[in-house]
Amino acid sequence: MLPELDEKVVRERIAKRIALEFEDGEVVNLGIGIPTLVSDYIPEGKRVIFQAENGAIGTGPPPETPNYKCIGAGGRLITLLPGGSYFSSDTSFGLIRGGHVDATVLGTLEVDQHGNLSNWWVPGKSLPGMGGAMDLVVGAKRVYVATTHVTKKGNPKIVKECKLPLTAVGVVDMVVTEFAVFTITDGKMKLIEIAPEVTLDQIKENTGAEFEIAEPLVPMKGLEVA
Amino acid sequence: MGKPVIKPVVSPQEAVKCIKQGDSVMVGGFNWGGIPYTLTDALYDQGTDDLTLISNDTIYEYCGQGKLVAGGRCKKVIASHVGLNKTTGRLFHEGKMELELYPQGTYVEKIRAGGAGLGGFLTPTGIGTVVEKGKQILEINGKKYILELPLTADVALVRAYRADRMGNLTYRGTNQNFNPAMATAAKIVIAEVDEIVNVGELDPNSIITQGILVDMLVLKGDSIYASRT
């Protein structure tokens with residue numbers, strides 16, 4: 001069993017950790033859910049440029065006065081920071097597929113040790129569709145998966161082989177959960193950071209994938225930020 | 001014979017009369033933004049069915065093109081994401097409606113190709129997934145690509161900001177989304193706009209959709225969605 005953390009803590013912790021990954025000037029696309037929170041935790045002094053696949057770059061916080069002609073991919077109202085712009089979906093996906101987006105952060109149903117992920121279809125149950133996810137993970141230079149370590153029923157979300165229909169093959173670079181950080185390089189998964197509440201054994205028990213362990217294995221970064 | 005240079009400004013009811021049972025209809029919009037709500041409402045009220053709806057998503061059951069799905073007016077939906085409208089998934093799983101899904105970048109490019117006279121295009125998106133099923137795979141310089149084919153429609157309903165009487169269109173904010181591409185890819189294009197101005201009043205540098213593509217203009221209505229978005 002893994003310790004139970006407050007849902008808000010889980011979401012913030014994952015978002016904060018991923019927010020440490022970006023360099024000044026990088027272009028980042030954030031998915032819906034936990035990934036959306038990442039923009040709240042970019043360390044001061046860094047300017048990360050956020051892209052929304054429905055047609056905006058340089059997005060900023062919600063407006064004080066609503067303008068319903070300006071929304072983000074999740075349907076929330078957005079503003080543009082100075083230097084930002086709006087454009088069409090074909091231009092937007094040209095930016096994405098063309099390799100002009102440095103990183104994308106998205107949630108998942110499953111992610112496996114080979115860097116495959118599945119996040120758009122549970123056959124027979126739900127078929128939300130892939131939306132922009134397939135283009136984002138293929139086009140972005142780095143792919144971050146933000147996910148709880150296990151499902152609501154307690155099953156591992158990080159597995160040996162994805163069972164659900166794939167979103168893409170071998171594209172994931174890093175998986176961040178509330179308890180651990182894994183990298184995937186050349187098809188090999190490695191545990192690099194671990195949260196203070198859990199032991200290595202607990203991580204092993206609750207992770208379906210086979211993974212190497214970094215030397216040294218360090219405490220999860222970003223937790224010191226209040 | 002060409003289209004009239006000056007485009008008719010018509011009521012939404014008049015505009016959607018050109019949509020017949022069995023037609024394919026493109027509807028612009030992403031999530032709840034940039035949807036021609038006044039036109040989709042008029043089409044819903046007209047009661048036309050057996051439609052093929054081509055829209056990125058099917059929004060909610062109670063608004064926009066989502067009403068067409070919820071009202072059982074569509075025999076088929078071609079989209080990229082339908083998670084917000086539970087009826088879309090239900091009708092598909094019950095075998096009552098066909099559903100064709102594409103990755104969003106592929107989806108818009110299919111429409112762009114349809115309007116730009118291309119026979120198709122090659123994309124790496126979807127390689128190794130069920131998206132490549134039944135499609136031609138080409139290897140170019142050692143990398144695999146899916147051949148995706150163009151997509152066109154009988155009618156496109158688009159949402160723009162300002163139009164001039166020649167049908168030239170400008171857009172605002174994130175309302176462009178799929179609208180400009182769809183305006184190139186249908187036999188009949190109807191634009192819903194905030195405002196219609198005289199020819200010459202729009203800055204030529206700000207025109208995104210050329211008036212030659214547009215057949216009819218409709219002013220946005222006063223429903224809560226149409227008036228605010």
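Helices (H or I, at least four residues) and strands (E, at least two) are DSSP runs, numbered from the N terminus. The structure shown is a predicted model, in which local features need pLDDT of at least 70 and side-chain atom pairs count only at pLDDT 80 or more, while totals for chains, interfaces and linings use all residues. Residues are numbered from 1 along each chain as its sequence is written, and chains are lettered from A and ligands numbered from 1 in the order in which they are written.

**View 1. Ile59(B), a residue with a positive phi in a loop of chain B.** The loop that holds Ile59(B) runs between strand β2 (51-54) and helix α3 (66-70) of chain B. Although Ile59(B) is not a glycine, its phi is positive, near 30°. A residue is called buried if 20 or more other C-beta atoms lie within 10 Å of its own, exposed if 12 or fewer, and partly exposed in between, with C-beta atoms placed from the backbone. Ile59(B) has 28 other C-beta atoms within 10 Å, and therefore it is buried.

**View 2. Asp186(A), a residue with a positive phi in a loop of chain A.** Asp186(A) belongs to the loop between β11 (180-185) and β12 (188-194) of chain A, and its phi is positive, about 50°, although it is not a glycine. Is Asp186(A) buried or exposed? Asp186(A) counts as exposed because it has 6 C-beta neighbours inside 10 Å.

**View 3. The cis peptide bond between Glu215(A) and Pro216(A).** The omega angle of this bond is about -5°. Pro216(A) is part of strand β13 of chain A, which covers residues 212-219.

**View 4. Helix α5 of chain B and its surroundings.** Helix α5(B) has 13 residues, 104-116, and from its first C-alpha to its last it reaches 18 Å, close to the 18 Å expected at 1.5 Å a residue; the expected span is 1.5 Å times one less than the number of residues. Because 12 of its 13 residues are buried, α5(B) is largely enclosed by the rest of the structure. Among the buried residues are Tyr107(B), Val108(B), Ile111(B) and Arg112(B). Two residues are in contact if their C-beta atoms, placed from the backbone, lie within 7 Å. The cover over the buried residues includes α3 (89-97) and α4 (133-139) of chain A, together with β5 (121-123), β7 (143-148) and α6 (179-182) of chain B. After the helix comes Gly117(B), with a positive phi near 75°.

**View 5. An open sheet of 3 strands in chain B.** Two strands pair if DSSP finds at least two bridges between them. The strand order is β5-β7-β6, with antiparallel pairing, and β5 and β6 (137-140) are the edge strands, each pairing on one side only. From one strand to the next, the twist averages 45°. The antiparallel pair β5(B) and β7(B) has 3 bridges, and Phe121(B) has Glu148(B) in β7(B) as its bridge partner. Helix α5(B) packs on this sheet, touching β5 and β7 of chain B, and its direction makes about 170° with that of β5(B). Axes are lines fitted to C-alpha atoms, for helices over the stretch in contact, and angles run from 0 to 180 degrees between N-to-C directions.

**View 6. Strands β2, β3 and β4 of chain A.** Strands β2 (residues 49-52) and β3 (residues 56-60) run antiparallel and are joined by 2 bridges, with Ala52(A) opposite Ala56(A). They form a hairpin with 3 residues between them, and Gly55(A) in the turn has a positive phi of about 125°. Strand β3(A) is also joined by 4 bridges to the antiparallel strand β4 (residues 79-86), where Tyr86(A) is the bridge partner of Ala56(A).
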